[in-house]
Amino acid sequence: MRRYIKCSSCGKKVYEDEQVFSVPGIIFRCCSLGCLANCMMDYRVNDLTDEYLKDCDEDWDGAEE
């Protein structure tokens with residue numbers, strides 16, 4: 001039985017020793033450049049608020065005077 005991972009975009013199986021496409025630190029596993037592009041275009045825009053940082057498990061870096 002061959003080991004595999006599933007594409008982050010379409011769910012297709014990517015088997016061991018096949019090519020996998022990624023953007024380090026952002027998207028780690030796609031089966032093709034097309035799927036990688038689809039993942040990169042899946043973005044969101046939010047207001048930077050306390051609630052947003054809480055949802056992302058982040059803290060404010062500092063405060064302006």
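**Notebook: salt bridges and core**

I began with R3, which counts as exposed at 59% relative accessibility (buried is under 20% relative accessible area, exposed over 50%, partly exposed in between, with a 1.4 Å probe and protein chains only).

A note on the source: this is a predicted model, where local features need pLDDT of at least 70, side-chain atom pairs count only at pLDDT 80 or more, and totals for chains, interfaces and linings use all residues. Residues are numbered from 1 along each chain as its sequence is written, and side-chain values use heavy atoms, leaving out hydrogens and water.

Next I looked up salt bridges (a side-chain nitrogen of Lys or Arg within 4 Å of a carboxyl oxygen of Asp or Glu). Searching the whole structure gave me two.

I found R3 bridged to E16, with the closest N and O atoms 2.7 Å apart. That pair joins distant parts of the chain, 13 residues apart: R3 lies in the segment before β1, E16 in the loop between β2 and β3 (strands are DSSP runs of E, at least two residues; helices are H or I, at least four; both are numbered from the N terminus). E16 is partly exposed, at 39%.

I then saw R2 meet E18 in a salt bridge at 3.8 Å, N to O. E18 is partly exposed too, with 41%.

I listed eight residues: C7, V14, I27, C30, C31, C35, L36 and C39. Helix α1 (33–40) and strand β4 (27–30) each give two or more, and α1 gives the most, three.

How values were computed: A nonpolar core is a set of buried Ala, Val, Leu, Ile, Met, Phe, Trp, Tyr and Cys residues joined through side-chain atoms within 4.5 Å.
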